[in-house]
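Here are my notes on this model, written for someone who is opening it for the first time. Please keep the sequence and the structure at hand while reading the points below.

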Amino acid sequence: MRRRPNSAALLLIALLLLAAALSGCQREREYTRTCFALNTFCTFTVYDEADAAHLSGCVALCNEYERVFSRTREDSELCALNLAGSGHVSEALLDVLELALELYALTDGALDIGLGNVTELWDFAAAEPSPPDAVQVAKALEGSGAGNIEMSGDFVELNGVALDLGAVAKGYIAGKIASFLTSQGVERAMLNLGGNVTVIGDRHGKPYSIGVQTPFAAAGEYSALLELSDASVSTSGVYQRVFEFEGTLYHHVLDPSTGFPADSGLLSVSVTCADAALCDALSTAFLVMGRDAAAEMIRSLDGVSAVFIADDLSVTQIG
């Protein structure tokens with residue numbers, strides 16, 4: 001484990017809105033709504049006054065999907081499935097499970113939604129957090145893993161596995177909200193769900209500029225600048241949900257093979273592609289896999305690119 005350099009948890013990704021988007025001096029007017037869901041702030045921005053009426057719909061969709069995917073809300077569909085151990089699921093939950101199981105196979109288990117019994121042992125919100133006992137973690141790993149899940153149509157059998165969809169759900173929701181906005185005729189918008197950023201259209205012929213936060217640096221210090229139009233970017237990093245215990249930094253991205261925080265030589269990974277859910281899932285998987293294995297996979301995928309920030313803060317862009 002690495003030692004924590006100097007600062008508390010920072011935003012995974014920062015948004016840089018161009019000051020002269022209309023080739024003039026004034027900033028373009030924005031219309032924004034924010035809500036709190038899935039343990040993060042979700043912000044929706046449009047740029048035409050007529051489109052602002054759809055922001056309430058964005059918030060409503062975000063809240064609706066939280067009632068499907070939340071691992072902590074007792075009234076969520078996911079909690080009910082974890083408690084029952086099996087059952088028929090909604091179309092939204094089925095979509096996410098199918099994608100997650102496909103990526104579980106593609107990444108050789110680096111993306112694993114079947115670690116709920118392990119993640120439950122890690123309490124990053126505790127007043128004085130500490131790592132769980134290694135014996136407890138090893139016991140929780142027994143029988144865990146997405147490979148134990150069985151599906152037949154919309155019927156899911158967990159076989160003792162507890163689901164945690166934190167690596168996929170926010171991206172899926174962002175994609176659904178983007179689809180809603182475009183169906184309403186919205187041509188330009190930006191969605192930020194806890195560092196999962198999706199943009200619709202461009203800024204009057206120019207791409208949106210998205211800054212990738214330098215790990216452990218002051219907010220607003222960037223290691224890379226991404227230019228996006230009609231695309232998504234998701235960042236997974238070791239510097240946000242963290243705690244320090246006896247001189248060692250522990251972060252929330254767990255290695256499915258150990259049940260402890262991944263230590264792949266990377267501080268963050270930012271994945272860009274057209275599919276928001278895929279971005280979300282791959283950024284987590286790549287952080288676990290490490291740069292070389294992730295780079296090899298990127299070369300086999302169409303339209304996927306990534307920015308890797310290593311332990312020494314060196315930056316590598318692939319794809």
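How are H6 and H7 oriented to each other, roughly parallel or roughly antiparallel?

1. This is a predicted model, in which local features need pLDDT of at least 70 and side-chain atom pairs count only at pLDDT 80 or more, while totals for chains, interfaces and linings use all residues. Residues are numbered from 1 along each chain as its sequence is written, and side-chain values use heavy atoms, with hydrogens and water left out.

2. To take up the opening question, helix H6 (residues 169-183) packs against helix H7 (residues 276-289) at an angle of about 165 degrees, and their axes are 7 Å apart; H6 and H7 are therefore roughly antiparallel to each other. Helices (H or I, at least four residues) and strands (E, at least two) are DSSP runs, numbered from the N terminus. Axes are lines fitted to C-alpha atoms, for helices over the stretch in contact, and angles run from 0 to 180 degrees between N-to-C directions; under 35 degrees counts as roughly parallel, over 145 as roughly antiparallel, 65 to 115 as roughly perpendicular and the rest as oblique.

3. H6 and H7 cross in the right-handed sense (the near helix is turned clockwise from the far one by less than a right angle). On the H6 side the contact (heavy atoms within 4.5 Å) involves Ala169, Lys170, Gly171, Tyr172, Ala174 and Gly175, and on the H7 side Ala276, Ala277 and Asp280. These residues divide into five nonpolar, two polar and two charged, where Ala, Val, Leu, Ile, Met, Phe, Trp, Tyr, Cys and Pro count as nonpolar, Asp, Glu, Lys and Arg as charged, and the others, Gly among them, as polar.

4. An open sheet of eight strands is ordered S2-S3-S7-S8-S11-S14-S15-S16, with antiparallel pairing (two strands pair if DSSP finds at least two bridges between them). Strand S2 (31-37) and strand S16 (315-318) are at the edges with a single partner strand each, so one side of each has no neighbour in the sheet. From one strand to the next the twist averages 10 degrees. H6 also packs on this sheet, where it touches strand S3 (40-46), strand S7 (189-193) and strand S8 (196-200), and its direction makes about 160 degrees with that of S7.

5. Within that sheet, strand S11 (residues 231-237) pairs with S14 in the antiparallel sense over six bridges, and Gly237 has Ser268 of S14 as its bridge partner.

6. Finally, Phe260 lies in the loop between strand S13 (248-251) and strand S14 (266-273). Phe260 is partly exposed, with a relative accessible area of 21% (buried means under 20%, exposed over 50%, partly exposed in between, with a 1.4 Å probe and protein chains only). Leaving aside neighbours within four places in sequence, the contacts of Phe260 include Trp122, Pro132 and Val137, and the C-alpha atoms of Phe260 and Val137 are separated by 8.0 Å although these residues are 123 residues apart along the chain.
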